[in-house]
Amino acid sequence: MTGEQDHGRTTATHGSRIDAYVDRYAARATGMVASEVRALFAVASRPEVVSLAGGMPYVTALPLDVVGELVADLVARRGPVALQYGSGQGDPHLREQICEVMRLEGIEAGPDDVVVTVGSQQALDLITRIFIDPGDVVLAEGPSYVGALGTFAAYQANVVHVAMDDDGLVPEALAEAIEACARDGRRVKFLYTIPNFQNPAGVTLSAERRRRVLEICRRAGVLVVEDNPYGLLGFDAEPLRALRAEDPDGVVYLGSFSKTLAPGFRVGWALAPHAVRDKLILAMESAVLSHSTFTQLAVGRYLETQPWREQIKAFRELYRERRDAMLDALQNLMPPGCTWTRPAGGFFVWMTVPEGLDSKALLPRAVAARVAFVPGTGFYADGQGARQMRLSFCYPEPDRIKEGVRRLAGVIEQELEVRDLFGTGHGRHRPGVDTPGPDLA
Amino acid sequence: MSSLGHVLVLAGGLSYEREVSLRSGRRVAEVLRSKGVEVETRDTDASLVPSILADPPDAVFVTLHGGSGEDGAIRSVLELLSVPYVGAGPDACRVAYDKPTAKAVVRDWGLRTPDSVTLPKETFHDLGASAVLARIVDRLGLPLFVKPSRGGSALGASIVRKAEELPAAMVGCFAYGDTALIEKYIEGVEVAVSVVDLGDGPVALPPVEIVPDEGVYDYAARYTAGHTEFFAPARLRPEVAESCLAMAVTAHEALGLRDVSRTDIIVDADGNPYFLEVNVAPGMTETSLLPMAAEAADRDLGTLCTRLLEIAASRG
């Protein structure tokens with residue numbers, strides 16, 4: 001060793017990278033890194049913290065004793081079937097019951113066209129698997145569901161966001177996005193949309209726009225993937241007719257019992273045109289052979305023996321009270337310059353903080369103040385959303401929601417002071433997975 | 001077989017490093033169990049004090065990072081409960097955990113540490129940020145390293161290469177704490193030296209050199225396996241390595257630390273080590289530096305942790 005610029009080093013040797021397979025992962029695993037934001041969510045799981053981050057349904061409101069008896073009865077009476085493999089398409093009786101549920105939103109369909117999946121999340125995975133080659137375009141609302149964006153990223157899709165306003169997806173923006181992709185020679189495979197009480201924005205696609213969105217997609221030959229986990233959880237009116245009800249050939253509909261019953265059963269479904277359905281079944285079998293027969297039959301028994309429509313109504317009342325608590329608290333406590341959506345159902349409010357603030361940079365201070373939210377950037381594939389955050393009202397009790405909003409308002413006020421002090425926000429972030437795990441998502 | 005009865009590993013807490021702490025706690029519990037030690041792991045919540053009173057452990061291994069785990073608070077409570085624990089006492093922790101104070105102490109002991117200035121948010125508020133920031137750049141020069149005066153895992157820390165980046169770095173820092181330590185950034189080799197005292201005085205383990213793939217040892221580089229290359233022992237000439245080891249032992253003694261510590265050092269282009277900070281509850285995760293140093297020294301981590309607990313227990 002010579003010279004003065006060697007940092008006192010000896011000749012290089014190979015070091016350790018802890019992970020022996022570091023150079024062998026697929027390109028799609030590149031973004032899977034430890035993140036500060038996820039670390040902060042670890043604190044949010046403590047009871048001292050009011051978590052406005054999680055999207056967990058309030059399953060405590062279910063008659064758990066009844067569900068317990070029903071499950072015990074299922075094992076006692078139908079154990080050999082319930083504990084056996086099932087078909088790739090799902091239990092036939094449950095598929096009939098699913099058709100009955102979908103009828104509430106105007107969908108007329110037969111059980112043959114339904115594929116039962118592990119939550120609607122798996123339906124999303126299967127749809128993406130059968131349609132997307134790396135680089136293909138998926139159109140999605142901006143912002144969109146973080147779990148969908150994760151799936152699209154895993155299949156190396158190129159997500160193009162389409163603007164929304166208070167009436168949901170903007171048809172003109174959709175048409176423009178499709179045209180722009182066509183001009184650039186990019187293949188749009190499908191539009192992914194959550195028309196009701198959208199996650200994370202909380203807005204609903206108006207009836208008039210539903211027709212226009214379908215028309216635009218039909219003309220362009222773009223399949224519509226309608227994800228509808230919250231449709232039956234409207235607070236103010238009867239459910240709107242599903243997109244699928246208007247266009248059986250142009251829409252794949254995704255439904256779920258996660259919010260109307262319980263996510264622990266992991267029962268969702270896809271309703272698809274025949275040819276798509278056949279591919280979904282094959283994809284399902286190659287992924288997991290079959291869904292859990294046990295949970296399918298449990299959900300089937302629940303629908304058969306319990307007043308499930310009344311339970312959904314009870315959930316609606318519960319969530320409505322919590323939404324009201326959140327909107328009141330936001331109105332009373334947030335500093336000027338904050339704006340937010342006013343959802344007519346579902347779980348989420350989407351808030352925009354004043355210019356110069358960055359919601360991700362707010363999170364550590366919020367966690368120190370014992371309140372958590374999800375920063376907006378997680379709901380975009382392209383780095384937008386720095387001034388936005390998702391606030392969920394589904395899980396904490398109304399008083400806790402008010403307390404959480406009070407704490408958050410204090411944090412935003414402090415951050416405004418820091419912004420004014422330094423004349424800037426904090427804008428440097430590493431891209432990557434930066435949203436909470438499923439128990440908080 | 002160890003003489004220990006049952007021991008308690010404390011992990012979790014409410015600091016920003018909760019996740020890391022839980023991982024450290026799992027790892028320590030696992031290596032202790034592999035040595036036949038009866039281990040219970042607990043979070044720091046309202047059930048902690050009653051559970052310790054009901055069934056006092058022989059000793060406690062504190063793997064709480066940041067906040068009450070390192071600022072002396074939890075250790076004060078353990079003292080109140082007369083339960084022995086691994087590591088420094090509350091007073092030493094308080095000094096070591098506050099980076100500017102620790103720098104001042106080790107500087108008095110003759111250690112080199114980057115020039116710096118420490119300022120609370122209020123000062124910028126009272127005097128106006130731009131004038132103060134401009135003066136900092138004039139005095140310390142560029143690049144700078146901005147970090148919260150307390151805390152770890154590089155949370156809220158950033159390198160400032162241009163003066164116009166400083167305000168955003170300050171905002172990022174103040175998100176994690178109310179006082180900022182702004183240091184002259186020394187370009188060089190990052191090295192961590194762990195110190196253990198197994199009853200015969202503090203001994204430094206081999207230095208571990210840290211080479212993050214993207215040049216910055218930030219949170220992702222720290223805790224994503226494969227994103228950083230580690231050399232243990234560090235690729236340092238013997239006399240440079242020796243001065244790093246001596247620095248870590250001196251810091252351990254100067255700050256009145258006990259049992260275990262880890263000193264983070266940067267070695268400049270001329271081979272001069274600079275003290276950056278010291279950790280009184282070093283990370284024990286799969287990607288942490290103390291376990292790597294122990295391995296480089298052919299020391300079994302389980303044996304090491306068991307011995308540290310035995311020494312703590314013998315203090316009574």
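Reader: Why are helix 1 of chain B and helix 12 of chain B called roughly perpendicular to each other?

Author: In this predicted model, helix 1 (residues 18-34) and helix 12 (residues 301-315) of chain B pack at an angle of about 90°, with their axes 8 Å apart. Angles of 65 to 115 degrees count as roughly perpendicular, and the two helices are therefore given that name.

Reader: Which residues make the contact between helix 1 and helix 12 of chain B?

Author: Helix 1 of chain B contributes Val28(B), Val31(B), Leu32(B) and Ser34(B), while helix 12 of chain B contributes Leu301(B), Gly302(B), Cys305(B) and Thr306(B). By class, five residues of this contact are nonpolar, three are polar and none is charged. Gly counts as polar and Cys as nonpolar.

Reader: What makes up the side of chain B that touches chain A?

Author: The contact takes 44 residues from chain B and 39 residues from chain A. Helix 1, helix 6 (121-127), helix 8 (166-174), helix 9 (219-223) and strand 11 (228-231) of chain B each supply at least two residues of that side. Helix 8 of chain B gives the largest share, six residues. The residues on this side of chain B divide into 27 nonpolar, 10 polar and seven charged.

Reader: What makes strand 2 and strand 5 of chain A the edge strands?

Author: Eight strands of chain A form an open sheet of mixed pairing, in the order 2-9-8-7-6-3-4-5. Strand 2 (114-118) and strand 5 (168-169) each pair on one side only, and they are the edge strands.

Reader: How do you know that strand 4 and strand 5 of chain A pair?

Author: Pairing requires at least two bridges, and strand 4 (residues 158-165) and strand 5 of chain A have two, in the antiparallel sense. Asp165(A) stands opposite Gly168(A) in strand 5 of chain A. Helix 6 (residues 171-183) of chain A packs on the sheet, touching strands 3, 4, 5 and 6 of chain A, and its direction makes about 160° with that of strand 4 of chain A.

Key
Residues are numbered from 1 along each chain as its sequence is written. Chains are lettered from A and ligands numbered from 1 in the order in which they are written. This is a predicted model: local features need pLDDT of at least 70, side-chain atom pairs count only at pLDDT 80 or more; totals for chains, interfaces and linings use all residues. Helices (H or I, at least four residues) and strands (E, at least two) are DSSP runs, numbered from the N terminus. Two residues are in contact if their C-beta atoms, placed from the backbone, lie within 7 Å. Axes are lines fitted to C-alpha atoms, for helices over the stretch in contact, and angles run from 0 to 180 degrees between N-to-C directions. Angles under 35 degrees count as roughly parallel, over 145 as roughly antiparallel, 65 to 115 as roughly perpendicular and the rest as oblique.
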